[in-house]
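This briefing covers pockets and helix packing. Keep the structure open while reading.

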Amino acid sequence: MTSRGCSIVVGAGTGTGAEIGRMMASEGDAVVLARRSVDALNPLVEEIQAAGGQALAVGVDAGEERQVVELFERASAHFGPPRLVVFNAAGFAMSPITETEAVDFRNLWEATSYGGFLVGREAARRMVPEGRGSILFTGATAAVKASARFAAFASGKHGLRAVAESMAKELGPQGVHVAHLIIDGIIDVPRVHESMPEMAAAKGEDGLIDPKNIAATMLWLHRQPRDAWTFELDLRPYKESW
């Protein structure tokens, strides 16, 4: 298969990140998949290659500047400038403010707000000269609503949204589409059923978000014409209260 361009997915886990990787490979893009554990990406890379696609796995900590820069350098060397970059790196923490450790707060900020800045900057440095491209950030309800016990998590997600909004206003006139997705619900991945089986069962049919549908929405955003770009949208199951 001849590549039509390069898609980079930072945070290519077993859910949303994996699905957008599969989808873009099926669209004809070479796919660069990044997460902290590169070995965990091998099955997905083999799956994409077996289907005739092109995939490269890279071990990256999104909160480490040198590693993020090297990711984009490797991707560009292999496949050329990216057409689509998805920042899907995630961390999670919930605790009373009096029990929240400073190191946990800092780590969550680095994994989300700071990591999003690093990935977005490197994407912009390669897309702006081309005058095209899409940069998509996976957000959460906490990006706009900070609930009790979510000080660390919400701060990271609020910061990520601010990075995305600033980038959208700056890069849009230069031909680069930046969008932020608020995922307002629980994503249907194996670890949810393993760690929270009762809650998953209580959600019932269509009560969890299928990561394939998140990936499909990302593809729709990527395909939007320049005269009708979306900056932000939210996705939630029909039965989710909000």
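Helix axes here are lines fitted to C-alpha atoms over the stretch in contact, and angles run from 0 to 180 degrees between N-to-C directions. On that basis, α4 and α5 pack at an angle of about 15°, with their axes 7 Å apart. Angles under 35 degrees count as roughly parallel. That makes α4 roughly parallel to α5. The model is predicted.

**Packing of α4 and α5**

- The crossing of α4 past α5 is right-handed.
- On the α4 side, the contact is made by Phe105, Leu108, Trp109, Thr112, Ser113, Gly116, Phe117, Gly120 and Ala124.
- On the α5 side, the contact residues are Ala151, Ala152, Phe153, Ser155, Gly156, Lys157, Gly159, Leu160, Val163, Met167 and Leu171.
- This contact of α4 with α5 has 12 nonpolar, seven polar and one charged residues.

**Packing of α1 and α2**

- Helix α2 covers residues 42-50, and it packs with α1 at an angle of about 20°.
- The axes of α1 and α2 are 10 Å apart.
- α1 and α2 are therefore roughly parallel to each other.
- α1 passes α2 in a right-handed crossing.
- From α1, Ala18, Gly21, Arg22 and Ala25 meet Leu44, Glu47 and Ile48 of α2.
- By class, the contact of α1 with α2 divides into four nonpolar, one polar and two charged residues.

**Packing of α1 and α8**

- The axes of α1 and α8 cross at roughly 50° and come within 8 Å.
- α1 and α8 are therefore oblique to each other.
- The crossing of α1 past α8 is right-handed.
- Thr16, Glu19, Ile20, Met23 and Met24 are the α1 residues in this contact.
- They meet Pro211, Lys212, Ile214, Ala215, Ala216, Met218, Leu219 and His222 in α8.
- The contact of α1 with α8 has nine nonpolar, two polar and two charged residues.

**Largest pocket**

- The volume of the largest pocket is about 1,600 Å³.
- Its lining holds 48 residues.
- Nearest the centre of the largest pocket lie Ala90, Gly91, Phe92, Phe153 and Arg191.
- Phe153 is one of these central residues, and Phe153 of α5 also takes part in the contact with α4.
- Several helices each supply at least two lining residues: α1 (16-26), α4 (102-127), α5 (151-171), α6 (190-195) and α7 (197-203).
- The strands β2 (30-35) and β5 (134-140) also each supply at least two.
- α4 gives the most to this lining, with four residues.
- By class, the lining of the largest pocket divides into 22 nonpolar, 16 polar and 10 charged residues.

**Second largest pocket**

- About 210 Å³ of space lies in the second largest pocket.
- The second largest pocket is lined by 14 residues.
- Asp206, Leu208, Ile209, Asp210 and Asn213 lie nearest the centre of the second largest pocket.
- Helix α8 (residues 211-223) gives the largest share of this lining, three residues.
- The lining of the second largest pocket divides into six nonpolar, four polar and four charged residues.

**Links between packing and pockets**

- α4 packs with α5, and both α4 and α5 supply lining residues to the largest pocket.
- α1 supplies at least two residues to the lining of the largest pocket, and α1 also meets α8.
- α8 in turn gives three residues to the lining of the second largest pocket.

Notes. Residues numbered from 1 in each chain as written. Predicted model: local features only at pLDDT ≥ 70, side-chain atom pairs only at ≥ 80, totals over all residues. Heavy atoms only, no water. 1 Å grid on protein atoms, 1.4 Å probe; cavity = no way out; pocket = protein on both sides within 12 Å on 5 of 7 lines; lining within 4 Å. Points joined across faces, edges and corners; volume = space filled by probe spheres on them. Nonpolar A, V, L, I, M, F, W, Y, C, P; charged D, E, K, R; others polar. Parallel < 35°, antiparallel > 145°, perpendicular 65-115°, else oblique. Left-handed = near helix turned anticlockwise from the far one by under 90°. Contact = heavy atoms within 4.5 Å.
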